[in-house]
Amino acid sequence: MSTLLRVNQVEKTFPLPGGKTYVALKDIDLEIRTGEFIALIGHSGCGKSTLLSMVAGLTLPTGGVVILDGKTITAPGPDRMVVFQNYSLLPWLTVRQNIALAVDTVCKDYPKEQRQQIIESHLDLVGLRAAADKPPAQLSGGMKQRVAIARALALRPQVLLLDEPFGALDALTRGNLQEQLMKICQDHQITAVMVTHDVDEAVLLSDRVVMLTNGPEASIGGILSIDIPRPRQRLEVVNHPSYYSFRSEIIYFLNQQKRLKKLRGRQVHVVARHGLEKINLEIGFVPLTACAPLMVAKEKGFFAKHGLEEVSLVRESNWRGICDGIRNGSLDAAQMPAGMPMWMSLGGGETQPIPIVTALTLTRNGNGITLAKRFYEQGIHTLADLRRYLLDAPSEQHTFGVVHPSSMHSLLLQYWLAAGGINPQQDVSLKGIPPAQMVANLQAGSIDGYCVGEPWNFRAAMEGIGYTIATDLEIWPGHPGKVLGVREDWANAYPNTHIALVKALLEACRYCGDPDHHEEIRHLLAQRAYLSTSVDYIHLGDPNQLACELAMPMREYAHHQFFAGAGNRPSRTEHLWIMTQMARWGEVPFPRNWVEIVERVCRVGVFSTAARELGIDISYERAPIQLFDGSSFHGQDPFAYLQSLTVKHDVYVAEVVLPSRVAMS
Amino acid sequence: MTTTLSSSSVTPPKSRIDWSQYRDQVLPPIIGVIGFLVIWQILASSGIIRLPGPLDVWNDERSRYLILNPFYYNSPLDQGLFRQTMASLQRVAIGYCSAGLVGIALGIAVGSSLWLNRALDPLFQFLRMVAPLAWVPIALAALQQNEPAALFVIFITSIWPVLINTAVGVRQIPEDYINVARVLKLSRIDFFFKVLLPSALPYIFTGLRIGIGLAWLAIIAAEIVMSGVPGIGFFIWDAYQQNYVTEIIVAVVYIGSVGLILDRLMALLQNKIARR
């Protein structure tokens, strides 16, 4: 399809009193194809309506151009009919006269009968024949908007522009009108641009959703293609497997915008006290049993004990929020999946590499692989069973949920599958889903299994939806689960705070590791501010007990190991293994300068200082990593290790240039 | 007894419903008017105010003749009160209609042009504050004749509300209507007749309704001062000169009634034409 409308480098400024200007929109580039339905979504005041009225020609851009069908837009015209939120019907005319005014004005060259016919057919199109001779005041809001849509469509515009058309209507009317509009657009191949703040409406109606960032200088923050097949039904579209991921993508974007705005509005000030450079910290976490050390440090006063008196824990629903929070500086530190510091430092997810350091391993173990219950019923009890099943039916697509490409879950699941002869990128597909939504997705059937931290494996088992086919103890006992991550420049700017933070959390880890506290921690974790779930799903126990008794497969629990002295130390070997695995699946390049990168990511010195000051014994013996398939990784020659792996993606090696290290103060 | 009660509660008598409707609508004004007349009569008979009471107005020979013979005609200055009123109304009609036409036209001009508005608004605001009576000597001095002077006073008094309301109405056309017109590319003439005028109509009618009241007030003032023209205003002045207070009272009743009728007529017209 050809490009019909082109928004090219458009900028809009408004003069402010006092000679200044307000830049509402900047660098807007958008191409709309014939027959496409585009939704513009963003917070109020982000300039989405301004963008629409620039397409309409009602206001003109102060920079750049809007081109429709090869012609630059300089004035409004009937080829770009607008449906306004408040209907904009002329109240002294009847419904028919309102449509007639438009038709008679624009189609003056047509014979009278033909105009008459256009008017009548559009009255029928929106089902308003019975109300044709009523003035708008006697119509309901929904009927008025139908008149406005009929008036617009009667002129056969090249683009239909809708400015929050259903915003003022009640939910029921809105739903009906959305379906009618969708049908009309579908039947007549109408190109439409709609401003909305309703996420569901955007997903339902659009081919693409254009998400605008907050003003000033609002721009396009992302474009989401909604590839749900048409014709769509309002009540059925929610069952499409991608529906909720589209929806949550938009909501995530809007929430992120809201938070950025708040962050921008807040005075960012650093409170220094007790010889620490910064004692007001925002620390991000994701609700999982593994967040226990952060929760304990806060609730039991370990932060305050070490001088960090103003710590607030910021709950994120997924790891992407942690990533963005650390990247944009709204979070000082965060609980991270063990692979995330390396992933971010290497520019995973095609982002700019940003050096992240870790000085503490918060948890080990605590993860499991869950499959939907029907696999158990078909006799799949081991990896070999699963391989046989998957390879026997290659036409069926099986999807596994992972929380983030950098998480140990993802790496362990892929390692596990590959060790069983299943290529995790060809034989199955992986999908990123926030931990707390795994169970619901498994139940809905949009995924066949997942690898995630507790309590989500146990919960699926308890609810009879799935079963744990393997816990991490069977893959790599003692693997790092979550680590503490901060930006390298943050660590360099606040070295004493960093040590205090590690001390507080290390003490919290020790507290969590004591079986006498498990009952208390379970109840604390279940609270609304943390996991917000039933205490029955949360279990803390012996992390070394080998689990997965297949005779009683629904009651496994992968326990976390919170404290192990030297085990809380950030291990270079482990992070190097993580690096090899992420490179193995093509997630990041394998850095030629891997020694430098590993050295920068693992801040062993900070950990050692903290542990020494707490009097914790951290003596250890260097040992290779032992994995369940009998291989071991000692970290001497990662290139050779990568070579030795048979199932893998194309590995590419590149120099990863990190911003130069700032001298430590 | 029981049967009576139950039957009456099932089918209440019809006349009762009608009465209850009238009771709330009609009775209070009647009581009000009668009460006013009674108090007036008491005040007059007791001598607290030196004004004839309602009974005196009826009993007086001259005023009763006026009441009973509204259509008699002896000479231009000696005719029935209905004729006098019509003479005044004719003047009001001419003055008010020209004020309406000029006011609407000027109002649209001022409302559509910011420049014109800036130029003329201070002038209008100033002239608006001048009382009808103050215009009388100016009108007489300028026009030298009673009849045109009276028309001018009506014109100049009633034009302001029309003009200012029209201007406001034009200025307050909702942005949406203008956007619709812009998107449809309505011609200037179409815009004027199909959007601007209908949109401003309620404002214009508000102005016209205030204007008619002012015009009627002004004619009395104008006629009182301008001797020798037939009309209800001069009639009052003449009666006062001859100390026929009862006649004045009858004339006042006419003036009030006509004013009321004019206002109601305008309201009716407004409802008919400019209803949304």
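Colleague: Accessible areas come from the Shrake-Rupley method with a 1.4 Å probe, and for residues only the protein chains shown count as cover. What does the accessible surface of chain B come to?

Modeller: It comes to about 16200 Å² for chain B, with 67% belonging to carbon and sulfur atoms. Please note that this is a predicted model: local features need pLDDT of at least 70 and side-chain atom pairs count only at pLDDT 80 or more, while totals for chains, interfaces and linings use all residues. Residues are numbered from 1 along each chain as its sequence is written, chains are lettered from A and ligands numbered from 1 in the order in which they are written, and side-chain values use heavy atoms, with hydrogens and water left out.

Colleague: And chain A, what is its accessible surface?

Modeller: For chain A the value is about 26500 Å², and carbon and sulfur atoms account for 50% of that.

Colleague: Let us look at helices in chain B. At what angle do H6 and H9 pack?

Modeller: H6(B), residues 81-112, and H9(B), residues 146-171, pack at about 35 degrees, and their axes are 6 Å apart. Here the axes are lines fitted to C-alpha atoms, for helices over the stretch in contact, and angles run from 0 to 180 degrees between N-to-C directions.

Colleague: Is the crossing left-handed or right-handed, and what residues make the contact?

Modeller: H6(B) and H9(B) cross in a right-handed manner. The residues of their contact divide into 18 nonpolar, 9 polar and 3 charged. A crossing is right-handed if the near helix is turned clockwise from the far one by less than a right angle, and left-handed if anticlockwise. Ala, Val, Leu, Ile, Met, Phe, Trp, Tyr, Cys and Pro count as nonpolar, Asp, Glu, Lys and Arg as charged, and the others, Gly among them, as polar.

Colleague: Now Arg91(B). Is it buried or exposed?

Modeller: Arg91(B), which belongs to helix H6 of chain B, is buried because its relative accessible area is 5%.

Colleague: Which side chain does Arg91(B) join by a polar contact?

Modeller: The side chain of Glu223(B), in a polar contact of 2.3 Å. A polar contact is a pair of N or O atoms within 3.5 Å; within protein, one must be able to donate a hydrogen and the other to accept it, and residues adjacent in sequence count only if both atoms are side-chain atoms.

Colleague: Where is the place of Glu223(B), and is it buried or exposed?

Modeller: Glu223(B) sits in helix H11 of chain B, residues 188-225, and it is buried, with a relative accessible area of 0%. A polar atom of its side chain lies 2.7 Å from the backbone nitrogen of Gly233(B).

Colleague: What else does Glu223(B) touch?

Modeller: Leaving out residues up to four places away in sequence, Glu223(B) touches several residues, including Ser88(B), Pro230(B) and Phe234(B). Contact means heavy atoms within 4.5 Å.

Colleague: Changing topic to chain A: which peptide bond is cis?

Modeller: One that is cis runs from Arg230(A) to Pro231(A), with omega near 0 degrees. Pro231(A) lies in the loop between strand E10 (220-225) and helix H7 (243-265). Most residues other than glycine have a negative phi, and most peptide bonds are trans.

Colleague: Which residue other than glycine has a positive phi?

Modeller: Arg156(A) has a phi near 45 degrees and is found in the loop between helix H4 (141-154) and strand E7 (159-163). Glu217(A) has a positive phi of about 60 degrees, and this residue is partly exposed at a relative accessible area of 43%.

Colleague: Finally, which residues of H8(A) are buried?

Modeller: Ala292(A), Pro293(A), Leu294(A), Met295(A), Val296(A) and Ala297(A) are buried. That is 6 of the 8 residues of this helix, which spans 292-299 and is mostly covered. Just after H8(A), Gly301(A) has a positive phi of about 80 degrees.

Conventions:
Buried means under 20% relative accessible area, exposed over 50%, partly exposed in between (1.4 Å probe, protein chains only). Helices (H or I, at least four residues) and strands (E, at least two) are DSSP runs, numbered from the N terminus.
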